[in-house]
Number of protein chains: 2
Amino acid sequence: MEAFLPVTAQQLQAIQSFRTGTRRVEAGGTIVDEHRASPQLFTLYAGWAFRYKTLSDGRRQILGFLLPGDFVGLQDEFADGQTHGVEAVTDATLCAFARERLWALFQTQPRLGYDITWLAAREEKLVDDHLVTAGRRNAGERVAMLLMHLYRRAQRVGMVRDGWVEFPFNQQHIADALGLSLVHTNKTMRRLQRLGLYKLDGGWLRILEPHALETLGDYFERPLRPVPMI
Amino acid sequence: MEAFLPVTAQQLQAIQSFRTGTRRVEAGGTIVDEHRASPQLFTLYAGWAFRYKTLSDGRRQILGFLLPGDFVGLQDEFADGQTHGVEAVTDATLCAFARERLWALFQTQPRLGYDITWLAAREEKLVDDHLVTAGRRNAGERVAMLLMHLYRRAQRVGMVRDGWVEFPFNQQHIADALGLSLVHTNKTMRRLQRLGLYKLDGGWLRILEPHALETLGDYFERPLRPVPMI
DNA sequence: CGAATGCTTGACGGTACTCAAAGATTGTGG
DNA sequence: CCACAATCTTTGAGTACCGTCAAGCATTCG
């Protein structure tokens, strides 16, 4: 797939030896518990998932969404338990790695170590953008930005068919990602739909006016370099 | 300093060969331009700085604050220019590294590569927390959280003297970090001051009721492990 | 068919934003 | 040393965006 960097046979072997198995999680299931440090790192192979944190009174903030190819769990490496949860939105397939072998991987395969750093840096950029959204955009801009963002990322990994993407989120997910209430999220999304900017049907999303949404969200994705795949 | 991991002589030498020089930036000066990819990575040696992004109409979001020991610029590694700015709040001293030598560093010094990944993961955790603040906390909680957060981090690197920390930010900085307006930030801060939770005098901050602020912000920092220093 | 989940809408209230202007503080030049 | 500008802080008044509460509607599932 063109979104990912090519891998040599030797690297592939190193990745294989680093992995400890495949895991399946059904829709709505917990991939990483919010309050327990995970002994594993994951790469998402198939499905949609998200990272989140909850305040003690239950308010939840979704930190980011995960698509196939995304690497999760590095943030916990030094967190001593104070970390974030990961939950599957659809049925998901993951590749698991032993956290304790991470250092060995860096030693024996510096290239893969470098790639992991790359992925970590990219992740942080996503959170940076998300923070701008939550901090400085209004409701309409937030929705526009999120729709374009998810669409573009899905497109990149080949999840768009005839202009439609699987969109398995409910409005509570969107609200928790954007820092809005459920009701206000609903009203904002309805408004943008009535304006004809996008369409949502049976869990599938179609962007009707990409330029309008990009302008509204002040969010223009540039073509991205291929990403390493661990 | 106990906040940092010890370094071997050999590692120190590797770090030295990686660095390309020291840079001084005066208060208010630009460390990294928001719209130009920086050819350098930095470690902040002295002073306060912050990372930020601005929307096209001028709204600014501060992504995080930088204290001595913090490493900046990794996010740009693969960003193709779509990045964030870094600005000095006080006079600042930085150690510069050539970005192009990063890969060589990973090859020859896997330990330092691993440490850089550590720092990147830690950075992302900070942004995650910040995102929860902007997305799900109200004004009082945001201010409480930020004050405790900055105080604890400063304390960790020995910047607290007799309970006072240098606090060189103006209210616009705070507002842009928290995603609030200047006026509302002012009113909220005044309110917490009148409640006797903290004191601010001549650019120095003193936390009077740490427990109350932690509870209000629902933010409890655990003791952190020592951090690598590049 | 009833329960559960999610979407939609209206009404109302409050938090936070904007506008405006008056202090306070600092720095600069005559 | 004072006048004046510039910057930052503080406060008040009015408004709007967004949150909460409540209830109706649609869809799915057992």
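This is a predicted model: local features need pLDDT of at least 70, side-chain atom pairs count only at pLDDT 80 or more; totals for chains, interfaces and linings use all residues.
Me: Into which domains is chain A divided, and what separation do their centres have?

Reply: Chain A is split into domain 1, residues 9–126, and domain 2, residues 137–217. Over C-alpha atoms, the centres of the two domains are 25 Å apart.

Me: How many residues of domain 1 of chain A are in contact with domain 2 of chain A?

Reply: Contact means heavy atoms within 4.5 Å. By that rule, 13 residues of domain 1 of chain A meet 16 residues of domain 2 of chain A. The two domains bury about 1400 Å² between them, with 67% of it on carbon and sulfur atoms.

Me: Which polar features cross the interface of domain 1 and domain 2 of chain A?

Reply: The count is 2 salt bridges, and 7 residue pairs are in polar contact. R60(A) and D176(A) form a salt bridge through their side chains, at 2.7 Å from N to O. On the domain 1 side, strand β5 (residues 60–66) of chain A gives the largest share, 5 residues. By class, that side has 9 nonpolar, 2 polar and 2 charged residues.

Me: What part of DNA strand D lies within 4 Å of the protein, sugar or phosphate or bases?

Reply: Of those atoms, 70% belong to sugar or phosphate and the rest to bases. A backbone polar atom of S181(A) is 3.0 Å from a phosphate oxygen of DNA strand D.

Me: Which element gives the largest share of the surface near DNA strand D?

Reply: That is α6(B), with 4 residues. By class, the surface has 4 nonpolar, 7 polar and 2 charged residues.

Notes:
Residues are numbered from 1 along each chain as its sequence is written. Chains are lettered from A and ligands numbered from 1 in the order in which they are written. Side-chain values use heavy atoms; hydrogens and water are left out. Domain bounds come from an automatic or database domain assignment. Buried area is the accessible area (1.4 Å probe) that two parts lose on being put together, summed over both. A salt bridge is a side-chain nitrogen of Lys or Arg within 4 Å of a carboxyl oxygen of Asp or Glu. A polar contact is a pair of N or O atoms within 3.5 Å; within protein, one must be able to donate a hydrogen and the other to accept it, and residues adjacent in sequence count only if both atoms are side-chain atoms. Helices (H or I, at least four residues) and strands (E, at least two) are DSSP runs, numbered from the N terminus. Ala, Val, Leu, Ile, Met, Phe, Trp, Tyr, Cys and Pro count as nonpolar, Asp, Glu, Lys and Arg as charged, and the others, Gly among them, as polar. A residue is near a molecule or strand if one of its heavy atoms lies within 4 Å of it.
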